[in-house]
Amino acid sequence: MRIILTVIWAIVLFIFTCSVNFNLLVQYHIINFQLNPSPDWLELVKLDFQWYSHDWILRKIGHLIGFFILALLASNFGKYKSAFYLSVIYAALTEILQLFFFRGGRIYDVMNDSFGILLAYLCCLILFRKSSRKKRNFNLVISTNSNHVKHEEKKY
């Protein structure tokens with residue numbers, strides 16, 4: 001089930017990142033792909049930050065959250081560390097593919113996506129390390145108690 005959810009989420013990210021008109025997609029639910037056979041590769045290195053634009057900031061937050069969720073799903077909440085690397089590769093791939101769909105792929109978006117993936121990794125590390133530490137301590141207590149019982153049995 002996790003794999004199916006991951007694939008569905010990756011497709012959703014692809015649709016959101018490669019649909020020609022993001023506003024049409026969000027407002028009217030129109031998915032529109034147009035193939036660009038000769039993309040402008042210089043688009044990747046443009047630094048066209050638009051900090052004054054509310055829409056631009058929301059899209060960047062969407063990038064971060066979208067890839068945060070992808071990393072959580074793909075890694076099964078931290079169980080598969082290689083999934084974090086694969087998520088970064090997918091982030092780079094979506095930015096490159098945007099160039100082929102008349103969208104502007106940017107390196108800084110890959111960095112933003114990677115930051116979301118890093119946050120997912122750190123959350124998994126913090127949250128699930130504590131639960132595995134509790135399990136380890138619980139197992140240690142059980143094994144210590146069972147050893148203690150065995151020593152007492154040997155005395156009699």
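**The whole chain**

Start with a surface view: the protein chain has an accessible surface of about 10700 Å², and carbon and sulfur atoms own 69% of that (Shrake-Rupley method, 1.4 Å probe). Bear in mind that this is a predicted model, where local features need pLDDT of at least 70, side-chain atom pairs count only at pLDDT 80 or more, and totals for chains, interfaces and linings use all residues. Numbering runs from 1 along each chain as its sequence is written, and side-chain values use heavy atoms, with hydrogens and water left out.

Switch to cartoon and you'll find five helices and zero strands (DSSP runs: H or I of at least four residues for helices, E of at least two for strands). Of the 156 residues, 31% count as buried, meaning under 20% relative accessible area with a 1.4 Å probe, protein chains only.

**Next: α1 against α4**

Select residues 2-18 (α1) and 82-99 (α4): their axes come within 9 Å and cross at roughly 35°. Axes here are lines fitted to C-alpha atoms over the stretch in contact, with angles from 0 to 180 degrees between N-to-C directions. Now show side chains: in α1, Ala10, Ile11, Leu13, Phe14, Thr17 and Cys18 meet Tyr90, Thr94, Leu97 and Gln98 of α4 (contact is heavy atoms within 4.5 Å). By class, that contact has seven nonpolar, three polar and no charged residues.

**Last stop: Asn112**

Pick Asn112, in helix α5 (residues 107-155). Is Asn112 buried or exposed? Asn112 counts as buried because its relative accessibility is 16%. Beyond neighbours within four places in sequence, Asn112 is in contact with Lys60, His63 and Leu64.

Methods. Buried means under 20% relative accessible area, exposed over 50%, partly exposed in between (1.4 Å probe, protein chains only). Ala, Val, Leu, Ile, Met, Phe, Trp, Tyr, Cys and Pro count as nonpolar, Asp, Glu, Lys and Arg as charged, and the others, Gly among them, as polar.
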